[in-house]
Protein chains: 2
Amino acid sequence: MFKINDNYLKLPGSYLFSTIAKKVSAFQAANPDKTVIRLGIGDVTQPLAPAIIDALHGAVDEMGKAETFHGYAPDLGYEFLRTAIAKNDYADRGCDIAADEIFVSDGAKCDSGNIQEIFSVDNKIAVCDPVYPVYVDTNVMAGRTGTYDPKTEMWSDVIYMPCTAANNFSPELPKETPDIIYLCFPNNPTGATVTKAQLQEWVDYANRVGAVIIYDAAYEAYISEEDVPHTIFECEGARTCAIELKSFSKNAGFTGTRLGYTVIPKDLKCRVEMPPHVHSAAERAAHGENASHLGGTDVMLHSLWARRHGTKYNGAPYIQQRAGEAVYSPEGKVQLAKQVAYYMNNAKVIKEGLQEAGYTVSGGVNAPYIWLKTPDGMTSWEFFDYLLEKANVVGTPGSGFGPSGEGYFRLTAFGTYENSVAALERIKKM
Amino acid sequence: MFKINDNYLKLPGSYLFSTIAKKVSAFQAANPDKTVIRLGIGDVTQPLAPAIIDALHGAVDEMGKAETFHGYAPDLGYEFLRTAIAKNDYADRGCDIAADEIFVSDGAKCDSGNIQEIFSVDNKIAVCDPVYPVYVDTNVMAGRTGTYDPKTEMWSDVIYMPCTAANNFSPELPKETPDIIYLCFPNNPTGATVTKAQLQEWVDYANRVGAVIIYDAAYEAYISEEDVPHTIFECEGARTCAIELKSFSKNAGFTGTRLGYTVIPKDLKCRVEMPPHVHSAAERAAHGENASHLGGTDVMLHSLWARRHGTKYNGAPYIQQRAGEAVYSPEGKVQLAKQVAYYMNNAKVIKEGLQEAGYTVSGGVNAPYIWLKTPDGMTSWEFFDYLLEKANVVGTPGSGFGPSGEGYFRLTAFGTYENSVAALERIKKM
């Protein structure tokens with residue numbers, strides 16, 4: 001008789017945003033006359049920029065003609081896109097990342113969920129608290145997190161790094177040594193960032209203790225201040241300890257278009273205690289395979305992820321990869337800078353509006369997220385209900401991102417300008 | 001110090017098609033004057049049909065306007081596509097599959113690799129031998145296959161079901177009872193099929209022993225004979241034992257466009273011995289979550305896969321889902337039937353050509369694959385080299401699909417008509 005992966009049953013409740021969606025549906029069904037403004041889920045609202053649309057149409061036309069049709073894409077991404085990423089996101093910032101260290105995918109959510117697969121189930125993870133729930137949930141599903149305590153809402157084998165007003169929402173180095181450290185800056189949900197010097201401390205720490213940093217830089221395009229690193233590879237030594245996740249969802253509005261990438265430097269290696277059980281180099285060479293990347297006792301994480309991509313993934317669509325290329329074109333850059341500025345103006349409206357209304361607020365300067373302290377000692381979910389009921393505005397309860405998010409609330413700047421203004425007018429009147 | 005998932009190191013050599021690509025590159029570098037014809041990898045060559053192209057352009061236009069822009073898709077797929085699939089692929093064939101039992105994805109390769117995640121690592125898999133390598137490889141990566149014997153090229157904890165000329169390439173019920181049975185019909189690589197009565201035997205067997213059948217129907221569109229089932233849900237009782245994987249790659253040329261789906265009936269359940277460690281129903285209800293689907297001791301695989309999709313996946317792109325919808329439009333159906341007929345004419349050219357040249361051949365009638373016995377006792381790789389060298393034609397060594405594929409060779413009908421004819425002319429002259 002088959003059995004299921006019972007780690008799945010350990011997951012408490014449903015995915016945060018499904019729960020919110022159900023609550024909002026129930027409210028709308030009960031109040032059909034009310035217009036709900038959604039500043040909850042981090043989904044964009046502006047249409048794709050003209051340069052992206054042109055690239056999409058162009059690629060679709062190519063797919064319709066035999067001489068320019070594209071079948072299976074290279075598993076790791078088309079050279080034209082990997083080269084554009086390597087130049088614009090790394091070389092132009094003085095970072096040493098080669099095109100073949102970039103793995104193109106259908107989005108950072110998949111990558112951030114799948115990346116844990118290449119690590120041992122015995123490894124211990126450390127996460128910022130609060131943070132994007134996917135990091136912990138996918139490790140739960142893999143059986144890496146121990147037992148769940150419903151009282152503390154914490155897992156026995158996860159190292160939580162509280163990010164609260166006390167430490168300016170920037171985590172301290174953990175007391176217990178982790179194997180895998182998830183960092184996300186600019187942070188989802190707090191909107192906080194670290195300086196380059198602070199991030200360098202993390203890189204030095206990871207190299208010292210032999211940990212891997214999984215660095216989620218999905219919100220990098222929203223950085224407006226100097227001295228905030230755009231990529232972890234600005235830090236010295238990151239090539240031996242860091243994996244970076246990037247998304248086209250927030251800088252180019254690809255939430256429904258799907259494109260992202262992961263960087264794994266070839267210098268990031270793991271010492272393998274037992275000799276791998278593989279064919280001899282000679283046997284493998286006979287099959288046209290160069291065994292050297294697994295030879296000896298150092299294994300590149302790059303090889304493992306390449307193997308995963310090659311075995312479980314079939315490449316991002318050609319059409320989307322051409323759209324990704326257009327993100328780096330001169331027109332694309334101008335148009336997308338305007339789009340980011342539009343959302344950051346919303347962030348300003350929301351942040352200043354909340355401050356005028358007497359709320360304690362952070363974020364919103366280098367990130368599209370505004371993080372507020374709930375008033376009058378309300379829990380995050382109490383404030384969610386209160387805001388939905390009184391202002392018909394949807395936000396995200398801070399506690400949904402981890403126990404230290406309790407008593408906080410997230411609003412996003414991804415709505416329209418009109419809705420952002422209207423939401424704040426309603427909130428001021430509450 | 002972090003550790004890697006050392007199951008990855010157990011994988012012998014690289015993914016089959018990477019090895020072939022390297023061998024072909026080396027041959028072309030050494031013989032720049034030779035024109036190589038590729039009948040190896042199962043990639044299509046015909047451009048997307050006009051109905052698909054129109055749908056893609058239309059969806060791209062929608063993405064460029066605020067009022068029709070689409071952000072995050074529903075995790076499980078848009079209603080319009082799930083409804084079209086349920087009607088055309090199931091209801092019209094008299095099969096009872098609801099739209100909400102269909103999970104839209106970016107392709108069957110991902111699904112066929114990821115589906116094993118929802119099962120216990122203790123489960124034992126059974127696979128046809130030879131078969132698409134992804135089934136076994138992804139179970140190796142999960143640690144489900146025991147140890148590898150390089151001599152037999154078999155894993156200690158995998159049940160191999162030989163498919164050879166002796167059993168007309170149709171597997172017999174295994175002697176040892178498996179938990180998970182991978183079946184692929186029309187088969188990749190042999191092109192063989194089973195009758196509805198034969199498939200019914202498998203469904204009855206799975207229900208009797210408590211096994212799940214993962215049924216890969218990627219080549220369903222190529223079925224030309226009566227009495228060959230188009231879906232496992234034509235069989236009685238399949239709703240309590242079967243998961244079906246479907247692809248748009250082969251019936252609509254989406255290899256580089258990426259779209260697929262997986263069907264998990266809600267009647268497919270697993271008895272859970274230990275009560276799941278979850279919040280009480282009351283606590284979960286307070287968060288807007290209906291706990292009934294995990295309540296008691298029966299767990300729906302549908303719920304587990306929904307949880308995986310919701311946590312690790314962000315939906316297939318809107319643009320592609322509109323293209324998928326067009327596959328089921330009246331014009332789409334006519335155009336794609338022509339495309340399938342084009343490839344099946346190639347299959348006829350290849351099969352008859354090989355027979356004229358004296359080869360023993362099967363497949364090619366209900367599938368785009370032609371399966372031939374290598375001549376003169378050559379191994380599969382020897383014949384690969386011989387064919388590349390003498391005819392400059394690339395095929396796929398049967399042994400790459402499993403030990404019982406040794407001494408066989410696969411050619412695909414997915415090339416152009418001109419190349420199929422030219423390849424056979426060269427082969428006849430060898």
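# Exercises on a two-chain model

Chain A and chain B bury about 8,600 Å² between them, and carbon and sulfur atoms give 60% of that area; buried area here is the accessible area (1.4 Å probe) that two parts lose on being put together, summed over both. The model is predicted, so local features need pLDDT of at least 70 and side-chain atom pairs count only at pLDDT 80 or more, whereas totals for chains, interfaces and linings use all residues. Residues are numbered from 1 along each chain as its sequence is written, chains are lettered from A in the order in which they are written, and side-chain values use heavy atoms, with hydrogens and water left out.

**Exercise 1.** Describe the side of chain A that touches chain B, by residue and by class.

Solution. Start with the contact (heavy atoms within 4.5 Å), which takes 100 residues from chain A and 101 residues from chain B. Within the area that chain A buries against chain B, A:Phe2, A:Tyr72 and A:Arg307 supply 10%, more than any other three residues.

Next, turn to the polar side of the interface. There are 30 residue pairs in polar contact between chain A and chain B, both residues at pLDDT 80 or more; such a contact is a pair of N or O atoms within 3.5 Å, where within protein one must be able to donate a hydrogen and the other to accept it, and residues adjacent in sequence count only if both atoms are side-chain atoms. Helix α10 (residues 301-312) of chain A brings the largest share of the side that touches chain B, 8 residues, helices being DSSP runs (H or I, at least four residues) and strands likewise (E, at least two), numbered from the N terminus. By class, that side of chain A holds 45 nonpolar, 32 polar and 23 charged residues, with Ala, Val, Leu, Ile, Met, Phe, Trp, Tyr, Cys and Pro taken as nonpolar, Asp, Glu, Lys and Arg as charged, and the others, Gly among them, as polar.

**Exercise 2.** Find the salt bridges between the chains and locate one of them.

Solution. A salt bridge needs a side-chain nitrogen of Lys or Arg within 4 Å of a carboxyl oxygen of Asp or Glu, and the count between chain A and chain B is 2. B:Asp137 pairs in this way with A:Arg307, with the closest N and O atoms 3.8 Å apart.

**Exercise 3.** Locate the backbone features listed by peptide bond and by phi.

Solution. In chain A, the peptide bond from A:Asn188 to A:Pro189 is cis, with omega near 20°, and A:Pro189 is found in the loop between β7 (180-184) and α7 (196-209). In chain B, a cis peptide bond joins B:Asp129 and B:Pro130, with omega about 5°, and B:Pro130 lies in the loop between β3 (125-129) and α6 (134-141). Finally, A:Glu153, although not a glycine, has a positive phi of about 60°, and A:Glu153 sits in the loop between β4 (148-149) and β5 (154-155) of chain A.
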